[in-house]
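Here is a short report for a reader who is meeting this structure for the first time. Please look at the sequence and the model before reading on.

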Amino acid sequence: MKQSITRRDILKLTGSGILGVMLSPLPWKLLDDSAIWTQNWERTPKLSHGPVTTLFSNCTLCNAGCGLQLKCVEGRPYYVSGVRLHPFTHGSLCARGISSHHMAHHPLRIIHPHTFSGNAGSSRMTAVSYQDAVSAVVQKIRSAKGRIAILDHQPGRAISEVYRSFLQETKNGIYLTSPSGENRTLDAVKEMLNNCKAELGYDFENAKLVVSFGAPLYDGWGIPGRMTALKNGQSCKFIQIDGDRSRTAMQSNQWISITPGTEKLLALSVVFVLLNDNLVSQSVRRTINDYSSFKTAVAQYSPEATSTATGISAKVVRALARELASAESAIILSGADPGGGPFDLETEKIIASLNLLIGNVGKSGGIVVKNNFPGQELHTAQIQWTSVPDHSIEVLIVDSSDSGYALPWNLIEQKLVEKNRCIVTLSPILNEISAHADYLIPAPGNFESLMEGPAPASNTTAVFSLSAPVLTRQENCVEPIELIKELSAKLSFALVIPTQEGSLRQRAETIHFAKRGSLFIYADQQTKSVSDYSTPDDLYNELLKGALWMDEPGKQIPVRSMTLSINLSPFFAEQQGGLKLIAYGWRGTTSSSQMSPIMSKLFQESDLRSSNGSVSIHPETAATLGLKKHEYATLSTKNGMMTVKITIDPTVHPNVIKASVGPLPNGAETPLNPAGDNILNLCEVKSTGTWRITDAQLLKV
Amino acid sequence: MDKLFIPRGVQRTSLPKFLLWLLPWTGLFAVGIYAIYLCLAEGLFHTNMDNRFAFGIWIFMDLTVIALGAGAFFTGFLLYILRKKELSAVINSAVVIGLICYSGAVLVLMVDVGQPLRAWFTFWHPNTHSMLTEVTFCLTCYLVVLLIEYIPIVLKNRKLRQIPKFLVFEFELHKLMPVFAAVGAFLSFFHQGSLGGLFGVLRGRPFAFREELGIWPSTFFLFVFSAAAAGPSFIMLTTLLVEKLTRKRLVRSSIYQFLGKLSGSMLIGYVLLKSIDTLIWINSTSPGNGFPAFEFYETQSFGTWILFSEIVLFGLFPALILLSSRLRMNRVLLFGSAFLVCCGIMLNRFVMTIQTLALPTLPFDEFLTYAPSWEEVAAFLFVVAYGVILYSLTYRYTTIFPQERELALGRNEEHGELSAAQSTDDGSRQNSFSAKTVNRTIS
Amino acid sequence: MAHHGRTTSESIIMETMNEKKHKYGMVIDLDKCNGCGACTVACAVENNVPPAVEKMNSRNGITWLRVSNVNQNESFTENDTVFVPMFCQQCEKETPCLTVCPQNAVDIDPNTGIVGQIPQRCLGCRYCMTACPYHARYFNYWDPQWSDGMKQQLNPDVSPRMRGVVEKCNFCHGRLHAAKEKAASMGNREIDPKEYVPACVESCPNSAITFGDLNDQTSVVAQLSKQGNAFRFLSRLGTEPKVYYHSTREWVRAMAEQKGPHSLRDSQFSAEAIHG
């Protein structure tokens, strides 16, 4: 039977079809499935569900050396926290340490050796083979007429000794460390103690008074956990002398607001009062070799004479001097802001001299003498960058370790020969120096290799700790000691350089042999004496599992002789009006350091910390300059200019442009600072070794 | 082919001209589609919204177009329930505008939410305490009602009427229309209100928070009233616009008078309620929460002028004009007032969304500003383009305005008072003449 | 069904434990906080919050716990500063975000008082964000992005959120869950309070944050919350937040009670906010 399809049929079919589909599970299933898809799509990563374990280690990211507890899934750390009863850190960590497990997986991680051509920056990076890079460096060292230098940001480790011995083999070696850091005052004290060979430290725990000249004591200085515990313990009074109401100033017992750049005047006035009010004891005075010339030198710096410049009344200065002299035990230490750098050498020395004048060196609660590391020779003060002749370094090898302190490229460049120089950096990321290097050798990432815990300079005893590899090491990475070994072999140096593990085992052996000190074991939070370990291997393995070896406290000997030898340059002449650019930074977050991308929470996703390219000015200053919050302005100094973003901050001194030496704006994850965009490049590095203050101008764009 | 679809007895422009008219709108439409694609496929970072400005131009637009589209429910309510026969002249137009506004709003809302594929969860796990649940339910249902109301308009098309089934369907549907109108009015009443309630319940935003009347905050009722006032005004304005663009008369001026009066009477009620509400808010609600109300107006550009504009300039002023039968006769005043009413509703919706979010709550928070990204603007213009295109198509192929044919033939009782615009326009006379001829030829 | 609220194992634990009612809360000593940022970073690491993408800024980034720097006034010598950590205040009464969510993606656990957000059910309408007076809710404008290696280092106890949903502090729900599992495995009905400490509390070097059960009158947190110098932000809204602050400084307490936003006009209290 033939039937033609009518329009009606089509309509019926469509209608019933729609109804049928709606009644079937199909559309509803589709709806449900699409929603399930949004809950499980590929864009959101899947979690590992392997076994969860806990490991213990030590942080090697700056020379604080904090103890770490790592929660791991399938052996990979996912959460880092402190070791609660750790003797120095008391379980606290900084934000950088908390996110330290990410660093090896930084999106900008370098995993191949690179060479650079032309100006600094990543655009001129080309991959190179490790052997080619080594050969080129060997060639360079052989033919070098200038000096060969190694920059070690974490002195005091086993590898530091390797560096020293390697440099001794070269004709003209020079061992450099970070120009800033908490060892600045200690080194100045060592020099004044007739350049003695000793290891010094700050005995904060027994101090009754701490006077800090701009050191960010509560904001990442020294061993942050130790400083926090001291603050909260409240057994000691903290006086902060700071240009602005910094994080440390606001938490200190007393804040003395000083006109930035006049710290030396204040220190001299304190010295003046100590000397002229007979606050220096006879016993101390007898040990000073150049007492009279010192007294003459400071004669013109009475508190009354300096108070206009410093902005501090003579009364306050006299009270401070008397408080220092009468304190049962006191420590006076100086700046070295992680971004802003140290004071000039002279200021550092005068501040250091205060410790000697009140007789608090070699005494409990003051600057104490540590025992030397077992089986290791003592060193004099680190070589100051100021004492390195300009344009003298031809080959510079930069160790991958990090002090957390910024190092302006201007300063390094000043010391390098102008032509045919060779810079080799070992680094897991393209940091600022690497961007200027000739060869960048990828160093193992954090937690990727066996590392030695750094030895904090401010500590009262020698320490030794290890950071065992937790993550799989990237294939082409080179440990610094391997590079030195390779270079040494190719240069046919008569050196026996152990492996990284070998060098650390040696240290464990010497400790075991000396039978000195004790181990704090992280896993059970117990202390065990070194003599309890029957073999060096046991000791080593214990350290590898997460422990801290602490030496016995050193024997304190009173100071017998010191030479203050301060030649004062005419200071008042330096004083000029106008705005001052003061760089500042937060330890470990400057362009020299690596950070986890998650640090964007502080620098980019909130305004808690400022990134590079952002400057803070006082509301009054802003009003004078006609600048508003978040506007852009041109910051110019003798060195050049840069567009900066304005932040209004009433804690900043009205005459100051406070500029952050942080990560690049909107790119907290970018460790690369192409030359020209870094605020440090605008800072004038003075011959006195400081880049703290620079005359500057700020103009609305 | 195109000609076969054009209704009998009316004049429409030539197809190429029509297509030329559609061209820029289609371009805008396409750009909008691309912007929407970006937001859906890559994420809402294409917008300039952020964690504090979580609502932006889109929510503002949604609130505005839904208020302007309120003409559909309100006209339907008056026509089918209260039997105001005069309104049959604009009901089709009101329905089309309503459909455009509501569907446009829902479309943009689906882009605005982060996970549109989960939108149906609201039906599955509804939170009955949430104003947004009320909005979602009513909006969805009312959109269906509008679609049903729109079907007869389409089915009236000359070509489609040839299908007997459609004709029967349309006839049956027409009989049911009062039911739909009633349902629509009910639903619309609720979601207009709930849209106001959205902000009135925000305890954490003292600028928007209002006392409750029954289970709804006062903004619920204010939104209903203001939408009822704005709906007729928007119909007036759109009809006028279509008249100007097509250069012919589409409704009798008595209709405009009626709509104006309607808008005015709703508006005066709204102004009264808004004033009482504002006074209560200033004197009790806001200070009760520890936020002296006038401090909200001390920040930057959002001064008390906003309050003045909302209540007096865009409220009382046009309301009084629209209520005066003498002033209403003046076309400039009539349409000017309608325009002010629409501006007022936009300002009110702007205040509720943007100003609410810009104002800080925490003592250390700051007043924030926000500017939409191009993607947000494009999506906004997409709705405009979509509306213009849909309206143009509907206008061309159906008789949205039942009076159009009569007016075109000049057979209307108000013949004597042909508007100035038309009498000076030779083209329109030409049009009506040729329409007459065409009609004769056909018959 | 497509969404999952609580996992099955958790419901089992909750049934077997027949919990007593807790009211978890915090007291933050603002005099101790020096704005180091450890809490913010620890929170992000613990809760699998992704790092910023290039275009993120302080307005569209995700910081469950955000520390704002608040200044007393503009005078250099007289100015004082306080750092205020701000996050979900876990409002107990008329919880603003709870009532507005159209699809019940926000819930309050009656046994803990914790306001939870169910990302799998969230529509991303952001109505809860406009409702929150503390601006403590964050929207995923981007897909979460980690490097491949970092993806392997996510906390296995916390599901990462997808793009287009809202998230916020939940007092480290993953840790509560883990503590409950541990207690259940040991046959205990109650968790050991030491086993449940949110990441911010654990990471604060200054021990500025005290966490615990406000219902337990013997707990430190309950006692601190009743101290004379304890206060809450926007308590006048009547939402009974469970996060208390503490400061001996009068101006800080006055600032928290600052009526209205007028103070901002003369930028007396300046804080964050850039427009990207």
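## A helix, its chain and a contact

Directly after helix H7 of chain A comes A:Gln234, a residue whose phi is positive, near 55 degrees. This value, like the others in this report, is computed from a predicted model.

Helix H7 of chain A runs over residues 224-233 and is mostly covered, since seven of its 10 residues count as buried.

Seen as a whole, chain A has a secondary structure that comes to 21 helices and 28 strands. Of the 701 residues in chain A, 62% are buried, and among the contacts in this chain with a separation of 6 or more, 75% are accounted for by residues 24 or more positions apart. Along its principal axes, the C-alpha trace of chain A spans about 130 × 70 × 55 Å. The radius of gyration of chain A is 29 Å, which agrees with the value near 27 Å that a compact globule of 701 residues would have.

Chain A also meets chain C, in a contact that takes 68 residues from chain A and 72 residues from chain C. Between them, chain A and chain C bury about 5700 Å², and 58% of this area lies on carbon and sulfur atoms. On the side of chain A, the residues that lose the most area to chain C are A:Gln39, A:Tyr79 and A:Glu605, which together make up 12% of what that side buries.

How many salt bridges are counted between chain A and chain C? The count is two salt bridges, and one of the salt bridges joins C:Asp143 to A:Arg43, with the closest N and O atoms 3.6 Å apart. Across the interface of chain A and chain C, 27 residue pairs are found in polar contact, with both residues of a pair at pLDDT 80 or more. As for composition, the side of chain A that touches chain C divides into 29 nonpolar, 24 polar and 15 charged residues.

Technical notes. Residues numbered from 1 in each chain as written. Chains lettered and ligands numbered in written order. Predicted model: local features only at pLDDT ≥ 70, side-chain atom pairs only at ≥ 80, totals over all residues. Heavy atoms only, no water. Contact = heavy atoms within 4.5 Å. Buried area = accessible area lost by both parts, 1.4 Å probe. Salt bridge = Lys/Arg side-chain N within 4 Å of Asp/Glu carboxyl O. Polar contact = N/O pair within 3.5 Å; in protein donor to acceptor, adjacent residues only side chain to side chain. Nonpolar A, V, L, I, M, F, W, Y, C, P; charged D, E, K, R; others polar. Helix = DSSP H or I, 4+ residues; strand = E, 2+ residues; numbered from the N terminus. Rg over C-alpha atoms; globule rule 2.2 N^0.38 Å. Buried < 20%, exposed > 50% of the residue type's maximum accessible area, 1.4 Å probe, protein only.
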